[in-house]
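This briefing is meant for a reader who is meeting the structure for the first time. Please keep the sequence and the model in view while reading, and follow the topics in order.

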Amino acid sequence: MEFITYEEGFTAEPLPEEIKEMMIGKSFHENKDVGLDELAYLKMKHVGFDGQTKQGEMVVHYSLAREVLEIFCELYNAGYQIEKMHLVDRYDADDERSMADNNSSAFNYRVVADTDIVSMHAYGRAIDINPLINPYIVGEKVMPANGAEYANRKGKFPHKIDHDDLCYKLFKSKGWTWGGDWKTQKDYQHFYKT
C-alpha cells in the first residue's frame, strides 16, 4: 500500500512498527483471516463534543483506506462531532471498555459479541461511531451497558445516528451497510463493507 495524503490532517500509511508492536497481543492475534500487511494506519482530524478539532487514529483494511479518509474528511468539514477516535488497543482491545468510553474505532481481531463468528472488525472492514450513544442491542441486552439510556431510538438527542444523519448518508453513499437496519438486532454504531 502507498502512503495517502487525502487532505491536510487525513493520511493513510502501512502500519508503522510502533503501532504493530502496540497491536500484537491486543487487537491483533495470529490468524488465517488477515495479516498486519493488509491493514492501514489512518490519522484523521475530527470535531470533538467540545467543538474543538482533535487528531484521531484508526486502523482499517488497506483497500478501504482512501474511502474512509474521504468519509471522515467530509464529516470533519461539516462539523460532525465524534467524541473520541483512539485505537482500541488503548483499552487493551476490550470492546466493552472502548464503547463505554464512547470511542469510535475500527480494527479489532475478535468475534461478534456472544458468538463464535469472526466480526467484520477483525478484517478492518467495520467502523463503530460514537458507540455509547448508538449502542448495540440484542433482545434486552444493551452494549455498552452504560448506553442503555440511548436504547430508545424514538427520542431526540445529540449524536444519534439514524437515516437522516450525515454519517449514515456518507457511509451509505459508498456502499457500506448500517447495523441500525438489521432486523433481529440493532447495532446503531456499526458500519461495515464486505
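The side chains of Arg 110 and Asp 95 meet in a salt bridge, with 3.4 Å from N to O. This pair links distant parts of the chain, since Asp 95 sits in helix H3 (95-100) while Arg 110 belongs to the loop between H3 and strand S5 (126-128), 15 residues apart. The model is a predicted one, and a search of the whole structure finds 11 salt bridges.

**Salt bridges**

- Arg 110, the partner of Asp 95 in the bridge described above, has a relative accessibility of 19% and therefore counts as buried, because the cut-off for that label is under 20%.
- Beyond that pair, salt bridges that share partners join Lys 26, Asp 92 and Arg 97 into one network.
- In helix H1 (residues 17-23), Lys 20 and Glu 17 lie 3 residues apart, which is about one turn of the helix, and their side chains meet in a salt bridge at 3.4 Å, N to O.
- Lys 20 has a relative accessible area of 22%, and is therefore partly exposed.
- A further salt bridge brings together the side chains of Asp 50 and Lys 54 at 2.7 Å, N to O; Asp 50 counts as partly exposed at 46% relative accessibility, and Lys 54 is partly exposed as well, with a relative accessible area of 30%.

- The N-terminal end of H4 is capped by Asp 165, which has a side-chain oxygen 3.1 Å from the backbone nitrogen of Cys 167.
- After H4 comes Gly 175, a residue whose phi is positive, near 85°.

**How H2 and H4 pack**

- Two packed helices are described by the angle between their axes and by the distance between those axes.
- For H2 and H4, the axes come within 10 Å and cross at roughly 155°, which means that H2 is roughly antiparallel to H4.
- The crossing in which H2 passes H4 is right-handed.

**Residues in the loop between H3 and S5**

- His 121 is found in the loop between H3 and S5, and with a relative accessible area of 2% this residue is buried.
- The side chain of His 121 reaches the backbone oxygen of Ala 106 at 2.7 Å.
- Leaving aside residues up to four places away in sequence, His 121 touches several others, including Phe 107, Asn 108, Arg 110, Asp 128 and His 190.
- Asn 102 lies in the loop between H3 and S5 and is buried, with a relative accessible area of 1%.

- Most residues other than glycine have a negative phi, and most peptide bonds are trans.
- Asn 102 has a positive phi of about 55° although it is not a glycine.
- Asp 92, found in the loop between H2 and H3, has a phi near 55°, again a positive value in a residue other than glycine.
- The peptide bond from Met 143 to Pro 144 is cis, with omega near 0°, and Pro 144 is found in the loop between strand S7 (141-143) and H4.

**Two further residues**

- Thr 11 lies in strand S2 (residues 10-14) and counts as buried at 15% relative accessibility.
- Among the residues that Thr 11 touches, not counting those up to four places away in sequence, are Phe 3, Ile 4, Tyr 41, Leu 42 and Leu 69.
- Ile 24, in the loop between H1 and strand S3 (39-47), is exposed, with a relative accessible area of 51%.
- Ile 24 and Leu 36 are 12 residues apart in sequence, and in space their C-alpha atoms are 9.3 Å apart.

Methods: Residues are numbered from 1 along each chain as its sequence is written. This is a predicted model: local features need pLDDT of at least 70, side-chain atom pairs count only at pLDDT 80 or more; totals for chains, interfaces and linings use all residues. Side-chain values use heavy atoms; hydrogens and water are left out. A salt bridge is a side-chain nitrogen of Lys or Arg within 4 Å of a carboxyl oxygen of Asp or Glu. Helices (H or I, at least four residues) and strands (E, at least two) are DSSP runs, numbered from the N terminus. Buried means under 20% relative accessible area, exposed over 50%, partly exposed in between (1.4 Å probe, protein chains only). A polar contact is a pair of N or O atoms within 3.5 Å; within protein, one must be able to donate a hydrogen and the other to accept it, and residues adjacent in sequence count only if both atoms are side-chain atoms. Axes are lines fitted to C-alpha atoms, for helices over the stretch in contact, and angles run from 0 to 180 degrees between N-to-C directions. Angles under 35 degrees count as roughly parallel, over 145 as roughly antiparallel, 65 to 115 as roughly perpendicular and the rest as oblique. A crossing is left-handed if the near helix is turned anticlockwise from the far one by less than a right angle, and right-handed if clockwise. Contact means heavy atoms within 4.5 Å.
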